[in-house]
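Dear colleague,

I am passing on the structure below, followed by what was found in it. Please read the notes with the model open beside you.

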Amino acid sequence: MSHTTYNKMWAEAQEALNGLLQRETEDKSLKPQKDRITVFQTLATFYIKYVQIFCNLETVYDQIVHPQKRLVIRQVLEGVMGRILELKNEMVELENSEFHYFDDILQDLKLSPEHIEIPIPRYFIKEKLKVLREREKILAQILINSGLQDIKPKKYIKPLPLEEVIRVIQISERARQGRLRATFMKQIYLEEKRERQARLQGVKGPNLDAAALRIQKVWRGFTQWKKTVKMREEEMIFLGMNPPPQFQRISASVARAQNVETKRCEVQGRHETEYEKALVSIKTHLREMEGPDIKESLQDQIRQWFIECRHITGKFPDYPNEEEGGSTAIFSQKTPDQVAAELAAKEEEAAVKKQTKEKGKKEKGKKKKKKKKGKGKEKKGKMDTEEEEGWKMAPSNFLPIMEEGNNQYKDVWQNRDERWNFPQEYDPELIKEEKRKEVEEEIRVQVDELMRQELKNLKLAVDREKEKKRKKGKKGGKKKKKKGKKSGKKKKEKDLTPDRTIDSLYEELVEGGLLIKPKTVKLSDYVGSQAVHEKAPLVKALLLAGPTGVGKKMLVHALCTETGANLFNLSASNIAGKYPGKSGLQMMLHMVFKVAKQLQPSVIWIGDAEKTFYKKVPKSEKEMEPKRLKKNLPKILKSLKAEDRVLVVGTTQRPFDADLRPFCRVYKKILLIPRPDYASRFVLWKHIILQNGGAVTKSLNISCLAKVSDGFTQGHIVYAVQTVLSERRLRQMTNKPLTAAEFLSSLARQDPVYKEEEETYKVWYAKTPLGKARARALMEGEEVGKGKGKGKDKGKKKGGKKGKKKKK
């Protein structure tokens with residue numbers, strides 16, 4: 001695909017975004033909505049459309065090579081990502097559930113479920129690929145040095161002399177010839193034996209015609225069967241029931257497209273470096289060529305302002321401070337008359353404010369008594385108004401970012417003629433516009449210093465003034481600032497390792513087994529970047545709960561793989577005996593979070609998270625001290641700021657063993673991962689069999705496997721497939737295709753997730769804050785429904801009584 005195609009895709013995405021932004025601004029002015037269903041439909045529609053825009057923008061950002069375009073796309077992309085997270089949060093709060101169903105809306109928009117799958121932005125890894133590779137090398141080296149990673153030593157092979165080599169070859173060749181001779185002699189012996197037996201029994205020779213007829217019969221039947229099978233396969237492929245034979249192989253066009261993508265990435269990198277160099281060179285060129293003219297014109301304008309002010313007010317003006325903006329405050333496109341009028345207006349405003357303050361103080365005493373009496377009424381009134389108001393879209397942190405990017409696209413790129421720039425290199429004119437402002441600002445600061453001195457000299461020479469009042473004012477201002485600083489001070493966290501480098505702390509954590517290497521697992525459902533993380537609804541801790549084998553740990557590893565995050569292991573079993581005592585625990589947590597913040601993004605994994613908040617510690621686990629982190633964990637989470645890309649992820653199989661209140665106070669975001677349903681199991685069986693080298697044929701009934709494996713998790717299925725598909729079985733695959741019965745014995749050896757266990761998870765989740773909120777919302781909905789029904793019944797009863805009276 002050429003750059004024009006991606007430019008077109010960008011234009012379409014921006015057009016769709018522009019429409020959405022207009023709708024968002026229109027919805028702000030609308031009245032609050034009361035119906036929850038319509039509210040969810042509006043939120044879900046926005047969510048789906050933003051996801052589609054995000055997918056297109058992500059592709060465009062990954063493929064466009066123009067460096068200045070990519071800056072605009074990146075800004076809009078991060079705004080869209082943030083807005084998706086905000087809408088998701090709105091839906092969670094509205095429905096009191098982490099999972100949502102968009103089937104009806106997708107059907108209305110004529111989209112498939114694939115259209116709302118969120119891709120992971122490729123720039124997460126691409127932009128810090130070098131750093132990640134270096135970190136991987138360092139981690140591997142530390143593990144080798146500490147002996148935590150076993151490396152198979154290379155076997156030293158002693159070279160054989162030429163004579164020995166010839167002798168070995170001769171031995172093997174003679175052995176091969178001997179084996180061939182033996183098989184040949186065996187065949188001759190068997191033939192002779194057969195002939196002897198035939199002579200003794202007096203059997204006549206075989207009938208050649210009958211033998212030929214039999215061979216023909218068998219062969220024709222076999223060829224016809226082959227043709228029928230082939231026709232059936234072609235029919236199934238035509239109907240779309242079976243994939244084509246070359247389906248799994250990468251076609252030549254796909255390989256060519258992949259090659260083009262890699263080349264495009266190289267071009268991107270080259271253009272980026274050229275652009276960065278141009279930023280410096282063009283700025284220096286502008287400073288040299290246009291700098292003197294800018295300086296002269298600024299000085300002339302400031303001198304003119306001095307003269308005009310003195311002509312109108314009778315004295316030279318005060319030069320604005322750097323805090324006020326310096327000469328930028330002068331050149332705000334206002335005449336000296338306007339400036340004088342503004343000063344007079346400000347003085348009048350100050351006088352009016354003083355009068356209003358005095359009146360306000362007198363009236364405050366009267367109002368206080370009235371407020372005390374009317375407090376209860378006010379509260380009731382507020383509650384009523386809130387109920388009457390209904391739902392309204394919460395203010396967004398990302399709409400201004402998207403609007404800014406959208407306006408920039410309209411002003412600069414929408415109608416820009418780029419016929420001259422076929423290779424899509426940087427645009428020097430845009431750099432000049434940007435850098436000219438920077439050069440002007442730098443020169444302005446220099447000119448301000450010169451002109452401030454010149455004004456002082458003019459005042460001394462012409463007006464014979466001394467800046468005594470000015471100095472006094474400055475001193476007073478300084479004192480006030482100092483007071484403000486003292487009041488605004490916050491206690492800083494103590495750095496327990498001020499003399500240690502991050503590399504040394506990193507090495508110690510790796511050697512201690514607290515910082516581990518994540519497994520390379522892919523994930524297709526995660527968004528996050530620093531710009532988004534700072535303004536999006538903040539999630540500091542996440543809990544993944546569910547039975548064994550549903551993929552909780554796999555999600556943690558996938559999270560690290562896709563985002564290039566460090567993985568720290570603070571599980572109770574892993575920290576047992578490490579850094580003993582209170583001071584040791586403080587040091588360990590300090591080191592972990594210091595390195596995690598410094599080398600962000602980071603994931604801090606706490607396996608068996610329920611152990612930290614045990615109701616009652618079992619006797620067998622008392623020595624392990626599983627509740628070590630109970631007091632410190634909430635404090636550390638409070639210290640995490642929005643800009644820190646650190647996520648605490650807990651995984652648990654038995655969440656019901658934990659004390660619920662402190663548990664939910666730490667893990668405010670809880671995801672209950674259930675066992676897979678029939679459709680998921682069908683996909684899993686097929687995918688895992690193919691992944692482990694198996695072949696899916698007609699003899700393998702996957703539908704039957706999916707039905708039989710009801711109650712089993714992903715882990716159980718993986719184990720069953722891996723035990724069956726050994727190296728020996730894979731070699732037999734062509735002659736002996738796989739059948740469903742082969743997997744049943746290995747599946748039956750494992751314990752499934754029973755209904756009772758599943759119910760305990762549901763009951764526990766219903767006690768969590770989100771589960772309680774959902775239950776309350778459902779109860780309220782039922783009560784409203786009953787109330788409406790009762791009203792109707794009452795009316796009917798009353799009507800019935802009246803009717804009877806009338807009849808009488």
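In strand S3, Leu567 is the bridge partner of Ile516. S3 covers residues 566-569 and runs antiparallel to S1, to which two bridges join it; two strands count as paired if DSSP finds at least two bridges between them. Helices (H or I, at least four residues) and strands (E, at least two) are DSSP runs, numbered from the N terminus.

Before going further, please note that this is a predicted model, in which local features need pLDDT of at least 70 and side-chain atom pairs count only at pLDDT 80 or more, while totals for chains, interfaces and linings use all residues. Residues are numbered from 1 along each chain as its sequence is written, and side-chain values use heavy atoms, with hydrogens and water left out.

Helix H18 (residues 552-563) packs on the sheet, where it touches strand S2 (541-545), S3, strand S4 (602-607) and strand S5 (646-652), a contact being heavy atoms within 4.5 Å. The direction of H18 makes about 165° with that of S5; axes are lines fitted to C-alpha atoms, for helices over the stretch in contact, and angles run from 0 to 180 degrees between N-to-C directions. Helix H20 (residues 581-598) also packs on the sheet, touching S1, S3, S4 and S5, and its direction makes about 145° with that of S4.

The sheet itself is open and built from six strands in the order S1-S3-S4-S5-S2-S6, with mixed pairing. Its edge strands are S1 (515-516) and S6 (669-672), each of which pairs on one side only. S6 pairs with S2 in the parallel sense over four bridges, and within S6 the bridge partner of Leu542 is Lys669. Ile670 and Leu672 make up the covered face of S6, whereas Lys669 and Leu671 make up the uncovered one.

Leu160 counts as exposed because its relative accessibility is 57%, where exposed means over 50% relative accessible area, buried under 20% and partly exposed in between (1.4 Å probe, protein chains only).

For the protein as a whole, there are 29 helices and six strands, and buried residues make up 32% of the 808 residues. Among contacts between residues at least 6 apart in sequence, 83% join residues at least 24 apart.
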